[in-house]
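Visitor: I'm new here. Could you walk me through how to read a few features?

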Amino acid sequence: MVIARPINLSVYNSVCVCVRGAITLTLSVCEWMYLFYTPDDFERHKSISFLFLFSIDKIRKSLRVWGKFVKVSPVTVIQMEYYTVPNKYGSQIPLQTEVRDRLSSLDVVWGNMFEGEDIDPQLVLEKEAEFYRGAPPQWLNFYCAEKNHTPFVKRDIYTKITKLIQKKREINHSISSINLFHQPGSGGTTLAMQVLWDLRKKLRCAQVIDSTSDSKAIAQQVIHLFNARNSQNQNTVLLFVDNKETEENDDMQFNSLRENLIQNIKQSNISANAPVVIILNCLRKKNRTGKEKLMLCTMLSKEEQDNFNAKHTEVSQRHDRHKKFHGFNIMQGNFSQTYITEACEYLKPLKTKKRPRNAQILSFLALMNSYAPGSYLTETWCLEFLDKKNHISGRPTLEKQMGTFADLLVIYSTCSGGAKSQDRCIRMAHPMIADKCLWLLTDAGVTLSDTAINLLSHLCPQTVQPYLVKIIKQLLKKREKHLPKDEREEKLQKFSNLIQDIKEKENKSMCVGLFRHAAKTFPRDPFIPQALARFYYIELRDYEKAALWAKTAILREPNNSFIRDTLGQVYKNQLKNPNFAKLSKNILQIGTQALKAFEEEAETAEKELEPGMQEDGVTNISTVFNYRGLFGYIQVANTIFYKLKNVKTKWSKVLRRETKSDSLIHSEKCGKYQSLLASLKQRIEEKLIFFETFLKYSKPKIDKSEPEYIWTDIVDCYEKFITKEQHFCRSFAGLLSTLSHITSVSDLEQITEQWREIHMNSQTESDAQNYILANIILSQKSANSEILRTVPELQDILQKLWERQNKNGSPEFYLLVLLLFWPDGVKKTGNTLDLKECVQYMRKSYERIYQKYLRFRYLVPLFFLGNGGGLQRLVHQTEFTSLLAKEHETAEIKGLQRIEGEIRNHKVFALRGKDQIEVSPHNPASVYNTDLVSFYIGFTIRGPVAYNIRYVKKSAQFVDKHKKNIIQRAEKVDFIIDDLRPLIGTEQYSTIIAASTNNEKMEKLYSVLSAGYEIKDNFYQSLLKNERELIQDLINFEKSSS
C-alpha cells in the first residue's frame, strides 16, 4: 500500500490510497484518519506526513481492496500535516511539519482543531459526561460544545480576561502577562482553556504541558510558534501556564520563563508591531487576601447562577445520569455544602478497621485532593493495589471494583481518543467532596496521619512514579502563603496544611511519626528531614533531635545552602530560649555552634551559581543568592550580646573591643572562646557592610521590599557593636542611606566635612568616592550650602582617578562618573570622559563584584536625571519609586528629564548630541522594534537604565496621518497649547492662543510641530490626556481600515 500526496497545494485537501499503482480509494479531509503501517512500509514512506486523524474504526471499515481488508498495523503513527494557525490578519495558514515537531512542550490549540473529523457521537457524550462528573476539560469538549451550540457557562471574569488580553495586544511590549488566581474547584483551568479556545482563530493559543519543565525549551518553542517559519507569518502567542503545584518559588519560575523569552526574541532578531507573547498565568490560591486583581472564587453571581440553572436543564435532557455529575452540580448549586453533605451521605457508617482496599483508595484520594487539589492516582496503580495478591479473577474494571465509591470519583483519560490505556487517571469529583470525605473519615476515627502513613506504606521508592513522589512531598512540605491579621504582607505558614491540621486535630507526636515514616520511605530526599527538624525546634523545642535531623538533611544534600540554614536556625532558637543558656559559657557554647552553622551556610552559598553559570567544582546552583547565613550570623550576634550583657554589663565592652578584660573572660570560664570574642566584631562589621550594599542597591521585586525585621535586626546590631564614633557612614551604600534617615542639613554638612578631611589625608579611591558622594547627597538637601564643591571640582577628582583605574574601578566609581559627566544636552561641560567605555567597564565591574549576590533581584535606581543644572539635576530615587511600577509609555513624572534615544538590534541608546550611549531597558519587553524613542534615565549600580520607553516616531506618524481630523475635531485646544508651552516658547504661544477659533489655533500649532519628533510626541501625549475619545476613535478607524 502506498500513500500518494498531491503535489499541487490547491488540491491539498485529499489523499489517495494506492495499491500496486492503481488508485482504489480517495479520502477527503473529512475522512483522513490515523494511518498505521508495518515497520517496513513506514521505512519506505517515512518522508510522507499527513493530517492528524481521529477514528481508526472508519479506516478499518473503508480500506478494502478487491474484497480484502487492507492490513492496518498499530505500530507506527503518521500524523497529519495540515494544522492551521492564524496570522495577524485572522487568516488561517498551515503550519509545516518541521515547526510542529519542535513544539513538544506545548499543547497547541490549532485553528482547525477537529474540523472535518468524523467523531463518534457516543464518544462525544462520554467525554461530556466525564467533564461534568469532574474530569479536567479537554479541547474536544470545547469543540463539541461549539459545534452543537451548547457552549459552557462563562464566569463573569471571562469578559474581564478577554478585554485585558485585547488591551495587552495594544501595548507596545513584546511580552505581557495576566495573573489569574483561582480557588480550587472554582473552574479556573476550564475558564483559561475556554479563553484559549475562543481566541484560537485570532491568536496562536497554546498551553504549557508541564509548568515545571525547562523554561529555555518552552521559550524557544513559543518563538517557533510565533514565527511559523518566517517573519511574514508572525502572530501573537497566547500562552496558558497552569501552575498546578504552586510552589514557594513561583515567581522564580515565571521570571525565568520571561527572561528566556526575552533572550530568544533578541537572538531571533524579532522586530514586530504586536506582542510576541501574552502569558495567561493561572495560580491556585485557597484564601483570598484582597490583593488579587483577578481571582475566580467558589461563589456565583446572580447572572452566573441563572446561566448555570439554564445549563442544568440542557444537561439533564442530554444525560440520564446527570444527578451524578458532581463537578457540574456543585457549581450549579453555588458550591452548596448541603449538596456535598447529601452526595456523601451514603458513605456512613465508615469502617475504621479491616477496611477494604477500595475504601483505602477513597481515603488516599480524599487526602490528596483535599490538600493537593488536582492530584490523582493512575488507573494502573489502583488496579495493582486492589489486586496485590492476584486473587481477583477476570480483572474487572476499576469502576466496578470501586463499587459505590465510584459515584464520588471520576476516572478519565488524558488523551482525546479515550482509549483504556495507562494514561487513565482517577481523582475525587471535586475538592469540596474530598474535604467532606476526609471529614467523614476522621469523624469515624480514620485519622489524617493514619491515611497519610498508610499511603506511604504502600509506596516503593524504587518503583514509585515521579508524579506520586511530587504529590507526597507537596502534602508534607508545601507551605501556603497567608495574610496575618493586621499585616500588609503575605507570609508563609510554618508548615504544610496537612501537618498543621494533624497537629491541631490529633497531636504533635503523630506529625513526627509521619515525617519519620516519609524520611524512611524517601531515603535520599533532604527536604523531609529538614521539615522534621523545623517541627522539632519550633513546636517541640527539642533542640537535640532537631539538630540531629538537620544534620541528616545536610548529609543528604551537603551543597545546598538552604538545607544548611535549618541547623543554624536550630541553634539560634535554642540560644534565644530563656530556659537554655543562662551562664556565660553556655551562651557562648551554643552561640559558637550557631555562628559556625551560619558561616558554613554562607560559605556554601558563595559556591552556588545561578542556572546556566555552572563552573568546574560547582556542584549546586541557586536562582537567588542565599543571604540567610549572613543574616543568621547577625541575629545570633545580637542574641549573644543581649544575653551576656544581662549576665554582666561588662560583657558589652568586651564585645565592642573597648577592653580586653581577660579577668572577666576567665572568671566566667570562657577562655576557650577568647578567639571568637576577639574576632566577632570584625566579622560582624563585614556582614553589616554587605547588608548595607545588598539592601541599598536591590530588593526582591519592584513592588516588594525585605521584611521589616531584617532592617530592625541590622540596625540593632549596629547599635550594639559599633560605637557612635565609629558608626559614621563608612561604606558608599551606607552613605547613600543617609538620604533616607538624616534630614538635618547641619548633620549632612558635618558628614561632608569629615569625608573631605579623610580624603585629603588618605588619597585612596574609596575615600575620594565617598567625599564626592557626600557632596551629591548634601546638594539634595541644600543646594546653597557653602561647603558644597562645584561640579568641575568634583569632576577633576574623578578625572585623576580615571587616569589611574579606568578599566579596573568599582561600580561605585563608574556610577559617579556617569552622574557627573553625563552630557547636559544644552551645553557641554569643560571636562569630558568616554561614557560609552564607562558603561562597558561598569557592567563588567558589576558582574565581577555584585552579580553573584544581586542575581534575580530588582536593582534599585539610585539617582535619576532631572531638569535642573549642576548637582541639582541629580534626583534621588525615593522621589519616584512608586511611580515606576506603572511602567507605561504615557506615564509622566514631573521633575525628570525625558531624553531622546534610539532602539536598534534590541539595544537602547541615549542620543546626546553626537554621543550614543548604550543603556539598559527597565522593562526589556518594551524593546520590540527599531525606532526613535524617548525615556527617563536612571542610574543603578549596574549602569544607566531607560524607564518608560516611548516610541516617538510612531506617535509622530500618527499625528501627521490624522492631521485633518485632529484639527477639525479637537475641542480642548487651549489645554493642549498650555501643555506644549515649555516647548514652543512664549512668543509662539502668544501667537497661537490669540487665534479666534479652535481650528485656527490647531492650524498654527501644527506649523510649529515640524520642529521634530520630540514635540510631536509631546503633542500626541497631550491629545491622549485631553482628547482620549478622539484618539481612540482614530485608532479604531485605522484598525478597521487595515
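Guide: Let's start with a loop. K154 sits in the loop between α5 (139-147) and α6 (157-170); helices (H or I, at least four residues) and strands (E, at least two) are DSSP runs, numbered from the N terminus. This is a predicted model, where local features need pLDDT of at least 70, side-chain atom pairs count only at pLDDT 80 or more, and totals for chains, interfaces and linings use all residues. Residues are numbered from 1 along each chain as its sequence is written, and side-chain values use heavy atoms, with hydrogens and water left out.

Visitor: Is K154 buried, exposed or partly exposed, and what is its relative accessible area?

Guide: Buried means under 20% relative accessible area, exposed over 50%, and partly exposed in between (1.4 Å probe, protein chains only). K154 has 36%, so it counts as partly exposed.

Visitor: Which residues does K154 touch, not counting residues up to four places away in sequence?

Guide: Contact means heavy atoms within 4.5 Å. By that rule K154 touches Q194 and D198, leaving out residues up to four places away in sequence. Q194 is 40 residues from K154 in sequence, yet their C-alpha atoms are 8.2 Å apart in space. With D198, the side chain of K154 makes a polar contact of 3.2 Å. A polar contact is a pair of N or O atoms within 3.5 Å; within protein, one must be able to donate a hydrogen and the other to accept it, and residues adjacent in sequence count only if both atoms are side-chain atoms.

Visitor: Now a sheet. In what order do the 3 strands of the open sheet run?

Guide: Two strands pair if DSSP finds at least two bridges between them. Here the order is β16-β18-β17, with antiparallel pairing. The edge strands, β16 (377-378) and β17 (409-413), each pair on one side only. β16 and β18 are joined over 2 bridges, and T378 has C425 in β18 as its bridge partner.

Visitor: Where is R427, and what does its side chain reach?

Guide: R427 lies in strand β18 (residues 424-428). Its side chain comes to 3.0 Å from the backbone oxygen of G134.

Visitor: One last stop: why does the span of helix α35 agree with what it should be?

Guide: The expected span of a helix is 1.5 Å times one less than its number of residues. Helix α35 (residues 835-849) has 15 residues, so it should span 21 Å, and its end C-alpha atoms are 20 Å apart, which agrees. Among its buried residues are L835, C838 and M842.
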